[in-house]
Amino acid sequence: MAKWFLTLAVSFWLLKRSKTALPHHNNTSMPGNIVISSKLTSIPDRLSYIWTSTRDVVLRKCAMSSKYRYGLEFKIKKNNLHLFLLILLSGDVATNPGPGTSTEHTSNELNAIYLNARSLKAFVPFNDDSSAKVCKITLLQELVHSGSYDIICICETWLNDSIISSELLPGYSVFRRDRVEKVGGGVLVAVKANLHATRRPDLERNEIELVVVELNNTNSKPVILYTFYRPPVSGPEVFHHLSSSLQNTSESSCIVLVGDFNLPALDWTTFDEQIPTTAGGQLENSFCDLFDDNFLQQFILGPTHNCGNKLDLLLSNCPEIITNVETSTPEQCKFPTDHYIVEFQIKLKFKRATVGMSNVEFTTTKWQTLKKSFVYHAACPSSSSWVPVISGVPQGSILGPILFAVFINDLPEVISNGSSEAMYADDTKLFRNINSTTDGDCLQESLSNLDTWSHDNNIKFNALKCKVLSVTRKKYPVTYNYHLGSSSLLRVRKEKDLGIIVTDNLLWNSHIQMITAKANKMLGLLKRTCPLLTETKIRRSLYLSLVKSKLCYGTEIWSPSNVSLKVKIERIQRRATRWILRSRI
């Protein structure tokens with residue numbers, strides 16, 4: 001009891017002692033009916049309530065006006081404005097704030113950046129000055145805010161519980177997965193606060209370093225963003241866990257997968273698309289199965305590591321949403337790491353395509369070149385006289401192919417003996433057995449005759465599309481430098497001929513790789529766009545017409561005898577069977 005009495009006595013003594021320092025209420029004024037004390041104007045907003053609650057009683061005892069309240073003198077008649085004065089003194093409430101402005105994301109594209117940080121909490125030299133060091137978290141903040149990114153994906157954060165998420169990227173919702181009880185690893189995804197992002201723990205797996213976030217925008221399809229890191233010492237089981245997560249999404253899900261896969265042995269060089277090929281390693285084969293089973297496509301061109309390897313990948317089953325993919329060196333982004341920084345955009349909405357008919361004005365079309373040509377009709381035993389051609393046949397007409405075949409019908413007559421030709425539509429192949437340089441001279445003579453024939457008939461060959469392919473199993477075949485006119489012909493080891501890839505050793509691995517990729521891409525498109533087609537017969541008809549037709553084209557030529565190639569084709573059929581029967585097994 002004595003303790004409480006002593007506390008009250010000291011408080012009363014301090015309150016009386018501060019009486020001489022009371023402010024004058026007429027120093028600072030505002031226009032209108034309110035006069036503000038100069039003492040109150042120097043007090044921060046957060047301390048104003050404390051000041052008013054402790055000093056108001058003392059102010060009234062100093063012969064202040066009866067209308068003096070909380071450091072303000074209101075020249076109004078009513079005295080019951082206690083609550084209104086407290087609201088005014090709160091500092092963050094206006095009398096009539098009006099309608100609030102929306103902070104939701106309204107753009108049709110999301111700017112994203114991916115990087116491998118190699119420890120965010122490390123300290124590195126600042127501006128190449130070894131004596132001054134800066135934390136990489138600060139460099140990350142400068143990088144992010146300088147580019148106005150909506151999404152940030154980071155691998156190898158090396159973070160732990162000692163660093164809270166709120167201090168990493170202010171203004172962003174941070175989703176992270178730190179490596180427990182070990183140093184290194186870690187995955188982080190940061191999404192701007194004005195975006196609706198939800199973490200998907202049901203799709204994450206405890207066995208792998210993975211963060212899954214679902215991005216939602218008004219009137220657009222949700223995007224499921226996967227950020228993944230595979231340690232170099234891990235085995236193929238990590239891809240099995242990742243594949244099981246991808247398989248648990250719905251058929252129409254739009255997936256974006258980015259991360260460090262640490263697979264330098266994969267070969268991404270193909271004809272048209274980024275398709276992985278492997279020499280047969282178990283780890284690489286597991287990734288290729290994941291890549292094909294989930295109908296993914298890869299978008300990063302070139303290396304992503306300072307050593308020249310492609311370790312970081314950007315994958316998606318909806319290729320139309322990934323645009324403007326660019327890679328930058330760490331020096332360009334001023335962020336120290338041994339991986340390249342990847343920037344890309346995710347499209348959320350698409351403009352509806354406008355279908356229109358293009359009008360062709362035949363009166364202004366350049367027919368003069370064709371009018372200068374002359375034809376005649378040969379009928380045994382006599383021939384008609386030469387007459388000018390006064391009209392043309394538009395490309396794509398029914399008569400076009402027939403008249404073109406008639407026009408080039410005399411081309412085989414200029415081929416030298418021993419050489420042969422193969423003609424189909426506007427494609428012409430010239431071939432010969434080359435056992436010596438003399439055979440090469442004869443083949444070159446035929447090429448020169450073809451060049452002369454093309455100039456005489458006003459049809460020039462495109463030398464850039466003409467290639468030389470030697471099909472042989474000899475270790476040291478006879479080589480000859482061929483030319484068409486003044487242009488040297490490029491020698492290649494494989495070439496696509498009428499939709500079939502022919503190689504110099506007549507192996508069909510490249511062709512089967514191409515057709516399975518195309519068939520798998522079409523099957524993935526059907527899976528994404530036709531989730532509401534539940535009838536088995538309709539799905540089977542779509543598969544037969546759009547997918548199987550790609551696999552069966554030209555099988556009489558390239559039908560594989562290798563078991564591994566047969567298995568690659570059968571996997572497409574098994575995926576299609578699961579889609580037709582709506583089975584996840």
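Trainee: Is phenylalanine 228 buried or exposed?
Mentor: Buried means under 20% relative accessible area, exposed over 50%, and partly exposed in between (1.4 Å probe, protein chains only). The relative accessibility of phenylalanine 228 is 1%, so this residue counts as buried.

Trainee: What kind of model is this?
Mentor: Residues are numbered from 1 along each chain as its sequence is written, while side-chain values use heavy atoms, with hydrogens and water left out. Local features need pLDDT of at least 70, side-chain atom pairs count only at pLDDT 80 or more, and totals for chains, interfaces and linings use all residues, as the model is predicted.

Trainee: How many helices and strands does the protein have?
Mentor: The protein has 585 residues, of which 38% count as buried. Among its contacts (heavy atoms within 4.5 Å) between residues at least 6 apart in sequence, 57% join residues at least 24 apart. Taking DSSP runs numbered from the N terminus, with helices (H or I) of at least four residues and strands (E) of at least two, the protein has 15 helices and 30 strands.

Trainee: How many aromatic pairs does a search of the whole structure find?
Mentor: Rings of Phe, Tyr and Trp (its six-membered ring) pair if their centres lie within 6.5 Å, and planes under 30 degrees apart count as stacked, over 60 as edge-to-face and the rest as tilted. On that basis, the search of the whole structure finds aromatic pairs numbering nine.

Trainee: What is the angle between the planes of phenylalanine 228 and phenylalanine 239?
Mentor: Phenylalanine 228 belongs to strand E13 and phenylalanine 239 to helix H6 (residues 237–247), so their pair ties together parts that are eleven residues apart in sequence. Phenylalanine 239 is also buried, its relative accessible area being 1%. The pair is tilted, with 6.4 Å centre to centre and an angle between the planes of 45°.

Trainee: Which residues form one aromatic cluster?
Mentor: Phenylalanine 239 also pairs with phenylalanine 261, their ring centres being 6.4 Å apart and their planes at 15°, so this pair is stacked. The pair links distant parts of the chain, 22 residues apart, with phenylalanine 239 in helix H6 and phenylalanine 261 in the loop between E14 and helix H7 (282–293). Phenylalanine 261 counts as buried at 0% relative accessibility. One aromatic cluster is formed by Phe228, Phe239, Phe261, Trp268, Phe287 and Phe291.

Trainee: How far apart are the C-alpha atoms of glutamine 247 and aspartate 293?
Mentor: Glutamine 247 has its place in helix H6, and at 27% relative accessibility this residue counts as partly exposed. Although glutamine 247 and aspartate 293 are 46 residues apart along the chain, their C-alpha atoms are separated by 8.6 Å.

Trainee: Which residues of the largest nonpolar core touch the most other members?
Mentor: A nonpolar core is a set of buried Ala, Val, Leu, Ile, Met, Phe, Trp, Tyr and Cys residues joined through side-chain atoms within 4.5 Å. The largest has 30 residues, and those that touch the most other members are Ile151, Leu314, Ile321, Ile322, Phe344 and Ile346.

Trainee: Which residues does isoleucine 322 touch?
Mentor: Isoleucine 322 is one of the residues that touch the most other members of the largest nonpolar core. Leaving aside residues up to four places away in sequence, isoleucine 322 touches Val256, Phe299, Leu314, Ser316, Phe344, Gln345 and Ile346.

Trainee: Which helices do the buried residues of H13 pack against?
Mentor: In H13, the residues that are buried are Arg539, Tyr543, Val547 and Leu551, and just after this helix glycine 554 takes a positive phi of about 70°. The buried residues of H13 pack against helices H12 (509–529), H14 (555–558) and H15 (563–581).

Trainee: What is the phi of leucine 498?
Mentor: Most residues other than glycine have a negative phi. Leucine 498, found in the loop between strand E29 (494–497) and strand E30 (500–503), is partly exposed, with a relative accessible area of 36%. Arginine 582, in the segment after H15, has a positive phi near 55°. Leucine 498 is not a glycine, yet its phi is positive, at about 55°.
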